[in-house]
Amino acid sequence: MKKSSPRILFVDGPNLNVLGKREPSVYGGQTLEDIRKDVSDAARREGAAVEFFQSNHEGEIVDRLQRARGEVDGIVINPAGYTHTSVAIRDALVYCALPAVELHLSNPSMREPFRKVSLVEDVVAGRICGIGGYGYVLALQAILHLLREKGRDRAGR
Ligand code: DHK
C-alpha cells in the first residue's frame with residue numbers, strides 16, 4: 001500500500017501577517033511568506049503536505065481548527081496574542097484531537113509577565129520558542145517526528 005503524505009496545518013494568529021515590519025528586533029526580519037517558503041521547501045524534502053492559515057480574528061481561528069479535525073494529521077500553531085487569553089482556541093485544539101506543536105518566534109518566558117501564561121501549553125505535545133522564523137521548520141520536523149512515533153506505536157513496534 002502506498003503511504004500517503006502526512007498533512008500538517010500551520011495556524012498563525014493575530015499580527016503575524018505583518019512579520020518583517022513588526023518589531024523586527026523581537027520577531028525577526030522574515031515575512032510570513034519567507035517563513036512559509038522555508039517550511040514548504042522543508043516539507044517537500046520530508047515528503048509532507050503543508051497548509052497555511054493566518055487570521056487576526058479569534059473566531060476564524062476556531063473555525064479553521066474545527067475543520068482541521070479529520071482533515072489533517074497534525075497542527076503547528078502560533079496563537080500569537082491569543083496564546084495568553086483564548087480559552088476558545090484552547091477548546092478548539094482539544095476538539096481537534098490531533099497532535100499539535102505550539103510555536104513562538106520569541107521566547108515569551110523572557111518577556112512581560114502576561115506573556116508567561118499560555119492557555120494552550122498543556123493541550124499540545126510540545127513547544128518551540130525563541131528560535132525566530134526557523135522555529136517553524138523545527139516545528140515541522142517535530143510534528144512529523146511525533147506522527148512517525150505514533151505510527152510506530154500503532155504498528156506495535
Ligand atoms: C507572537 C505574538 O504576537 C505575541 O503576542 C506573543 C508570539 C509571542 C511569538 O513570539 O511568536 O506573546
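Select L19, in the loop between β1 and α1 (24–27); helices (H or I, at least four residues) and strands (E, at least two) are DSSP runs, numbered from the N terminus. L19 is buried at a relative accessible area of 3%, where buried means under 20% relative accessible area, exposed over 50% and partly exposed in between (1.4 Å probe, protein chains only). This is a predicted model, in which local features need pLDDT of at least 70, side-chain atom pairs count only at pLDDT 80 or more, and totals for chains, interfaces and linings use all residues. Residues are numbered from 1 along each chain as its sequence is written, and side-chain values use heavy atoms, with hydrogens and water left out.

Next, select residues 58–68, which form helix α3. Colour I61, V62, R64, L65 and A68, the buried residues in this helix. Looking down the axis of α3, these buried residues fall within an arc of 165°, so they line one face of the helix; the arc is that of the directions from the helix axis to the C-beta atoms. An α-helix has 3.6 residues a turn, so residues three or four places apart point the same way.

Now show what lies against that face. After α3 comes G70, with a positive phi near 80°.

Move on to H84, in the loop between β3 and α4. H84 is buried, with a relative accessible area of 16%. Select P108, F114, R115, V117 and L119 as well: H84 is in contact with them, leaving aside its neighbours within four places in sequence.

Finally, zoom out to the whole chain. Five helices and five strands make up its secondary structure, in the order β-α-α-β-α-β-α-β-β-α from the N terminus. The C-alpha trace spans about 50 × 30 × 25 Å along its principal axes. Of the 157 residues, 42% count as buried. Among contacts with a separation of 6 or more, 74% are between residues 24 or more positions apart.

Notes. Contact means heavy atoms within 4.5 Å.
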